[in-house]
Each structure stands twice: as structure tokens, then as C-alpha cells.
There are 2 protein chains.
Amino acid sequence: MSRAFVFDGEDPALGGTRGFARAHRGLVELTEDPLFLTARDRSEARRVGIVSGGGSGHEPLHAGFLGRGMLDAVAPGRVFASPHNRQVYEASKAVARTDGVVHVVKNYTGDRINFGIAAERLRNDGIEVRRVLVDDDLATDSADTATGRRGTAATVVVEKLLGAAADQGRGLDELAALGAEVAAASRSLAVAARAQTSLQTGLYAFDLGPDDLEYGVGIHGERAARTVRRPPLGELLDRMLDRIFAALPTGPDDLLVLVNGLGGTTRLELYGIFDAVAARLEAGRAHVTASLVGTYVPALDMHGFSLTLTRLRDDWPELWAAPALTPAFPTKEALG
Amino acid sequence: MSRAFVFDGEDPALGGTRGFARAHRGLVELTEDPLFLTARDRSEARRVGIVSGGGSGHEPLHAGFLGRGMLDAVAPGRVFASPHNRQVYEASKAVARTDGVVHVVKNYTGDRINFGIAAERLRNDGIEVRRVLVDDDLATDSADTATGRRGTAATVVVEKLLGAAADQGRGLDELAALGAEVAAASRSLAVAARAQTSLQTGLYAFDLGPDDLEYGVGIHGERAARTVRRPPLGELLDRMLDRIFAALPTGPDDLLVLVNGLGGTTRLELYGIFDAVAARLEAGRAHVTASLVGTYVPALDMHGFSLTLTRLRDDWPELWAAPALTPAFPTKEALG
């Protein structure tokens, strides 16, 4: 175990959000009650505000993607807990445009409920709302049929493409349709060698032996459906890619590859994984048209990684490469 | 323990570097034998090439800072091991300008020796070389007097300010003097609650009890001079700040504050720490003129953080804020 560097008696999500706003005060503005953040610099051309949010502990998601080319407002919940509907409502009110707002929602029951209540309240105020539900996580494809697949790292892809499209002045239904298409064209799978530690207790969420691997782990420290004996890395990547390809809808062979660290995974590991994944894909299966490698949607400090593939169609490569001016999304040039 | 996601029998630094170059191919170019990386886009105005390097395991340092406004070439060693002098020599040859090269060297015996041999060889070829030695780590201020203070997170500050100054066309001695001044105006202190895990064995470098804190830890998993019982976070920050202020040379009250994660530390923790540090400083001691919060100089996946303060003088705030176009350094706007 290893106790976190947080203040006793204070919600770590609050202190972290306050420090984030202070460090990036040129880009984001904080409202404390209810807690939400807005981007200072928002494209004039937008007819629709793009709003997201969800439990904390997955930083830089979502607040790191506030700014020109991506999100207009974010409602952060406590660690691994949905934001209150009042946060989502006020965040949306603050950034709604002429055509209304789009809510980017990861598929968890709490998020669905709270974004849903907020949407009802917004509609009562005469603000149009559409929801884009992100549900890329293959590990939950059948295990929990009531909720469906959970939303994980593909959220970054959805937020990037939607933000760039919103900057072109697209309308509400057009953006909602694009978001749904991007989510449908994306699938993810994650594995972990060590659970995350609780910020409160310093204890691991679960224990794994040195040769064990949680295969199909979520981003909240849920155990996977299966604990497997760890195969060599090349075999593991082959198996993960096979599973993702089996689940990806058919479509273009132009892929966006996202190798995402779950928190305690080094950049050396992530880039090494990316190198092997890209080599495998380019060997015949597909073309790596775009990529992103780093810790973008972690589960606190979990040691593991997720692979996300998105089939890129139409103008999506250009939307991906369009400039984003946020605290955490790479520059156009750093994307590759 | 938790075994790393690396390939058996391959140096993780090599696979990681290859994947890094593949992911950022628009910005960096890889040479494999000997191993080094160069920036593709280098300011025409530069009269001096800026070269750095050192052991791997501290990513994004140094390769993440390759590009316009920062480094021209980087020689990565194996994990926690100095690069070979041939890597430094070839990297320097590839990017030397009319006035020569500056070597940014963290103060470790191996790095000093290998950069030194490379510098001799470059001089034999008629290429002028100056060395900027970074030695900010207070934990080693007296413990190891033969080597002196080690170089840690202040390296990012030195590389950023030097790079911006080089883009203005400054000469070799001017840059070497600036680098020495920045290093002299910077001090760091680091603590850890959990050691890093070996990429090879998955074992922790050392074991700590749940209430223990390594106070004054290095970035290679050296144990600190002292293991202390962990104080509440506010007390810890006060103590660290007192120690850093006691060691900082006198000078302007305009500070650059760098809160650096050592690998396994969440962004929530780092931003919460920054919020508290900034509030303490602004309460009377100094002015937070610039800041950087994130995992920039880790020790693999160590759970801990370092604080670096740099007294900013002259045009350093403008050099800090000048645009850098690299894989990992934030945009000007994201700096605050």
C-alpha cells in the first residue's frame, strides 16, 4: 500500500480541480458551487456547446480537454462518482449556444441518470440537448447486459472529433449523429497487472499475483471478468487485437490507435506497446492513420493499459488533426 | 510487485524509444546505431545546437522536449544508465551549428564522464562544446560531496529557457552562462511513498511501511538519506518549502514552481499539491510567476513528487512562455 498525497478531510477531487484551474488559469475558469469548469476561449463559430463530465480519478479526462477545439464545459464528480445533476445543469447553461448543447456521457448508470435529469431541466428552460453515449469497453460487452458496454478511453476520440466539428459550425443533430458514429466505430480493451490504490486508504482495490493479469479491466477498479496467467507481451497484444477486430464494425482500414496508460504505467512501456501494435497492424491488417500514446484516461494509479481502435471515415482524420488548445491534448504536430 | 509490459530479452529503452519516434514522426527522427534522436524542425536562427541525454526511465525527459524552442538532439541511455559517449558524439555532430553545441548534463558521474569524452572528440573535430551542469537536488547537497548535488526536475527548466534563448540566435558562451545561471537559481526536493518497480523483475527498489516517507529521494530509486514518519500533507509541504528556500540563492521573489510527479502519482494529487504550494507562496513569501504541474521527470512508476523552485530574473519569464513545439512540453497557453 502507499498512501496518497492528499489533504485529510478534503475531497481530493476538489483540491485537484482547484489546483488544475489555478495552473491553467489562462485556459479554464472554475466555478465552485456547484463545481464545474468552463473554457475561456471558445470558438465563435460554434452553434452548440460541448459538455462532458464524470467521476474524478481519470485525469486528464475530462477537464484537461477544455478549450478551443474540444470541450466547452466539464462537471467533475468525486473520485469514481458521477457529478450531481446540478453541476451538469449549470455547466451546460453556462456554455449553451444558439442551437443548445451536446452531452458527452460515458455509459455508467450514475452518469446516465444525472446527465438525464440535467437535460430535462435544460429542456424546461428551452435549451436543446442531445446526448452522445460512449460505450467502447469490450470487457463489459456481455457481462452486464442491463447497462451495456461501459465508456472508457474512446471518450477522448469522441471529444476531439466532436469539438473540431463543432468549431466548423455544425448543428445539434449533425453533431449528435457524428458522436454516435464515432462511438460506434470505436472499441477498447484493457488489462492490468496491479490495481489502483485508494486515495483515502492507500490500499489496492484488489490483489494480483506477480504472474496474474486482469484481462478486461474497467477504469474504476472493478475486477475483470477473468484473471489470466500473463502471456508474453507479443501474445497478449495479438489476443487483444483479435478481440477488438472481432468486435469492431466493418469499415475503412484507416485506424486511429490509442494506447492509453491506466495511471502507473511508464511511458517506456506505452511507447513500446505502441511500437509493437503499429508494426502488427501495418503488417497487413490495417493502416495506422492516426495515433495517441500516453496516460489520457487512467484509473488513478493502476498499472495497466488499454488499446482503443477507431475506424476513421469521411473527414475524421482532418477533425482529429485540427488544432486543439487545451491543457492536456497534444498539439497537432505532436500527434504524429 | 507488478511486472512491466515489456518484451522479454529486449531493452525496454530501445522499444520505447522506437515507439516514441513512430508516434511523433512529424517532430523527431530516430537513428538506431548509435541510438539518438533529433528534432526535425529546428529554428534557422540558432547558432548553437542544444543536446541532452541521460538514462531512460525519466520520460518525457529528455526526448519529449525535442523540437522547436527546446532540444535539437537527445542521446537516451538504458534505464537509469548513462548513454555511451558515441551516442552523445553522433547526436551532437548531427545538430551542431556554426557556433557549436551546448550539452545539458544532469550531475551524475556516468553522464559527466560520457558527455566529457564526447566533448573531447567533438573538439578534436573542430566543434566547440560548452557544458551546462544541472545540480538542483537538495537531498544530495552534503551526502555525496564528491559528486555534488544531482540533477533532477530543474533540467526541464534549464532546457526550456536555453532552447528559447538559442532560438534568439544567442552565442555559445552566452547560452552556457545562461544555463549555469538557471541551474544555480533552481533547487528541488523530492519525497516518495512507494519505490519504483523494476522493469525487469517487477520488484520494488525498496520497501516502505504505510506511514513511511522517503524524504529526499533521487530519481533512480536510491533510498533517501532519511525515512520519516509521514506528516500531514500541509506540514510536509511547509517543511519542503522551508528547506528549498533556505538553499535557494537570494534573488527576485518571482518564482517558477514545478510540481513534478515521480511516475505513479495521480494528477489529482499533483494539482492538489500545487494548489496548496501556490497558496502558501502567495500568502507573502513570493510570487508564483510561472508554473508547471505534471509528470515530467519521473523515476519509472515511483509514487512521490518533487518540488522545484526557480528564481526568475531578467527575461526568463518570456523565455519560459516562448512557444515550444515538442511532443511533451505544454503549449504556451497551457502554461497558465
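In this predicted model, the area buried between chain A and chain B is about 5800 Å², and carbon and sulfur atoms give 60% of that area. The size of an interface is often expressed in this way, as the accessible area lost when the parts come together. In terms of residues, 73 of chain A are in contact with 73 of chain B.

On the side of chain A that touches chain B, two or more residues each come from the helices α1 (12–23), α6 (233–247) and α7 (267–285) and from the strands β7 (186–194), β11 (287–294) and β12 (303–311) of chain A. Of these elements, α7(A) gives the most to that side, with 12 residues. By residue class, the side of chain A that touches chain B divides into 38 nonpolar, 21 polar and 14 charged residues.

Several features of the backbone were noted in loops of both chains. Most residues other than glycine have a negative phi, and most peptide bonds are trans. In chain A, a cis peptide bond with an omega of about 15 degrees joins Glu59(A) and Pro60(A), and Pro60(A) lies in the loop between β3 (48–56) and β4 (73–79) of that chain. In chain B, Asp33(B) and Pro34(B) are joined by a cis peptide bond with an omega of about 0 degrees, Pro34(B) being placed in the loop between β1 (28–32) and β2 (35–39) of chain B.

A positive phi, near 60 degrees, is found at Phe80(A), a residue other than glycine, in the loop between β4 and α2 (85–95) of chain A. Phe80(A) is partly exposed, with a relative accessible area of 25%. Phe80(B), likewise not a glycine, has a positive phi of about 60 degrees and is found in the loop between β4 (73–79) and α2 (85–95) of chain B; at 24% relative accessibility, Phe80(B) counts as partly exposed.

A further loop of chain B, between β6 (129–134) and α4 (154–167), holds Thr152(B). Because its relative accessible area is 6%, which is under 20%, Thr152(B) counts as buried. Leaving aside neighbours within four places in sequence, Thr152(B) is in contact with Lys106(B), Tyr108(B), Asp136(B), Asp137(B), Ser188(B), Ile219(B) and Val297(B).

Note on methods
Residues are numbered from 1 along each chain as its sequence is written. Chains are lettered from A and ligands numbered from 1 in the order in which they are written. This is a predicted model: local features need pLDDT of at least 70, side-chain atom pairs count only at pLDDT 80 or more; totals for chains, interfaces and linings use all residues. Side-chain values use heavy atoms; hydrogens and water are left out. Helices (H or I, at least four residues) and strands (E, at least two) are DSSP runs, numbered from the N terminus. Buried means under 20% relative accessible area, exposed over 50%, partly exposed in between (1.4 Å probe, protein chains only). Contact means heavy atoms within 4.5 Å. Buried area is the accessible area (1.4 Å probe) that two parts lose on being put together, summed over both. Ala, Val, Leu, Ile, Met, Phe, Trp, Tyr, Cys and Pro count as nonpolar, Asp, Glu, Lys and Arg as charged, and the others, Gly among them, as polar.
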